[in-house]
Amino acid sequence: MEHGSFNDPSQGTFSMTDEDHTLANSIRFTLNQDPRVTFCGYSIPHPSDARVNIRIQTTGDPAREVLKDSCQDQMLVCQHVRSTFDQAVMEFKSKKALKSLESMDIKS
Amino acid sequence: MVSANEEQRTEKIPVWDLPDVPSGNLPAHLELQRTRTVCTNDAPIHTENIQYSGAYASMGVDNSMRFEKFCKNFRVEVIRLGDDEMEFDMVGIDASLANAFRRILISELPTMAIENVLVANNTSVVQDEVLAHRLGLIPLKVDPRLFNYKSENDQPSEKNTIVFKLHSRCEKKSSRINVKSSELKWLPGGSEFALSTEKPTQDSTSKVKTYTSFTCSQDSLPEFSSNPIAPTHDDITLAVLGPGQEIELEAHAVKGMGKTHAKWSPVATAWYRMLPEVILLQEIEDEKAEELIKKCPVNVFDIEDIGKGRKRATVARPRSCTLCRECIRGDDWDKLVALQRVKDHFIFTIESTGALPPDVLFTEAVKILEDKCERVITEMS
């Protein structure tokens, strides 16, 4: 999965199978937001094989740890998105139910 | 000898350390560049997102995303929510994540769709393959989370296959009939077609082998006993039968994903647009205001009375702006009106095909992105 030099853990290219822009682009964003990362980019070497290469260079921390942390960060973000969304939907539904209840009261 | 006064003059002071440069805040023009896409007459500018955490380090501004900061700024507001359509605002998130959710909604959420069609008889004018393709595109009202994927060498079972029967005949001397999707009848017990390779057994009590091997009837399962499986819409025309024509077939639906074939996509479409922002750079009054209102094809502007018979243009409905740029065309109008998009405000619309409600689809999509991240973590450790 990992290509890159064994001497210098602070940089590496990670090759992921069965992934595309969906994961690679969002991970690139999360990685770029990490202050330890000096460079990050991704490429899809050939459109007909399902594979992305993610290149990471850091200020000194091991690249694979930084990548793992970024994945962890992104999971936290996703969880927050999910809970916020669920809450918004619930609020909307209860508001709608209340409204229909009120209109029923007016009619009766 | 150098005097103290001169020494001070030669000392280099970075421009951002000057007392009149605000620290911790970006100058207005950079903040605009960072948060807005500006639509000018010839092309939009500042379309790129500044992702790098140290982009503004020299100005003492931290561009990295702190989770706490994200939590504080992120919000969701539901605008519309129906059985198969919803619109909501997602504010405070980067386009790369919003786009990941959109891509997952379209191509990586599983649904059930008809994949194999066993045609026993088809004398209609619609060819078998065309009919099979049409059947495949019918959305089915069934929760895909209750089923497993069926791989190449799996036996079709009650856990991975749904079987429908279609038998329709147009009697001779009657008029033509339309075969609708409502005629697809769910067979909870599995296929009724006997395998042709199977030799007829002498023992009449033994069960005839069919194209599926269900161990139990699907309608005995608690999930399906109360809501039987059927197409979402029962008025989709599948074929037209002339007098004497007949179709008899069995359709087997399996679980799949939109990236294999669009028939498995759970959404008709899922899209987002960034919030449009219309700003009047100067007061626009009287005739000029009337002219502005006439210019806009989607009726974004309104006129307000400011007394003494004078009128002023206001931005009443910026959300409906399509950024068509009619209002900034010609005669220095671009000095009066600015058209922008807010980069981190997404108006998300999801149109479900009916298998799952749109709000459930979105939460499922977010879960899939989480799973992807988790997969990377487990593969690396």
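Trainee: How many residue pairs are in polar contact between chain A and chain B?
Mentor: There are 13 such residue pairs between chain A and chain B, both residues being at pLDDT 80 or more, where a polar contact is a pair of N or O atoms within 3.5 Å, one able to donate a hydrogen and the other to accept it, with residues adjacent in sequence counting only through side-chain atoms on both sides. This is a predicted model, in which local features need pLDDT of at least 70 and side-chain atom pairs 80 or more, while totals for chains, interfaces and linings use all residues. Residues are numbered from 1 along each chain, chains are lettered from A and ligands numbered from 1 as written, and side-chain values use heavy atoms, without hydrogens or water.

Trainee: And how many salt bridges are there between chain A and chain B?
Mentor: Five are counted between the two chains, each with a Lys or Arg side-chain nitrogen within 4 Å of an Asp or Glu carboxyl oxygen. B:R103 forms a salt bridge with A:D20, and their closest N and O atoms are 3.0 Å apart.

Trainee: Which parts of chain A touch chain B?
Mentor: On chain A, β2 (11-17), α1 (21-32), β3 (37-43) and α2 (63-107) each supply at least two residues to that side, with helices (H or I, at least four residues) and strands (E, at least two) taken as DSSP runs numbered from the N terminus. The largest share, 22 residues, comes from α2(A).

Trainee: OK, what about area: how much do chain A and chain B bury?
Mentor: Together they bury about 4100 Å², with 68% of it on carbon and sulfur atoms, and this is the accessible area (1.4 Å probe) lost on being put together, summed over both. The contact (heavy atoms within 4.5 Å) takes 42 residues from chain A and 44 residues from chain B.

Methods:
Buried area is the accessible area (1.4 Å probe) that two parts lose on being put together, summed over both.
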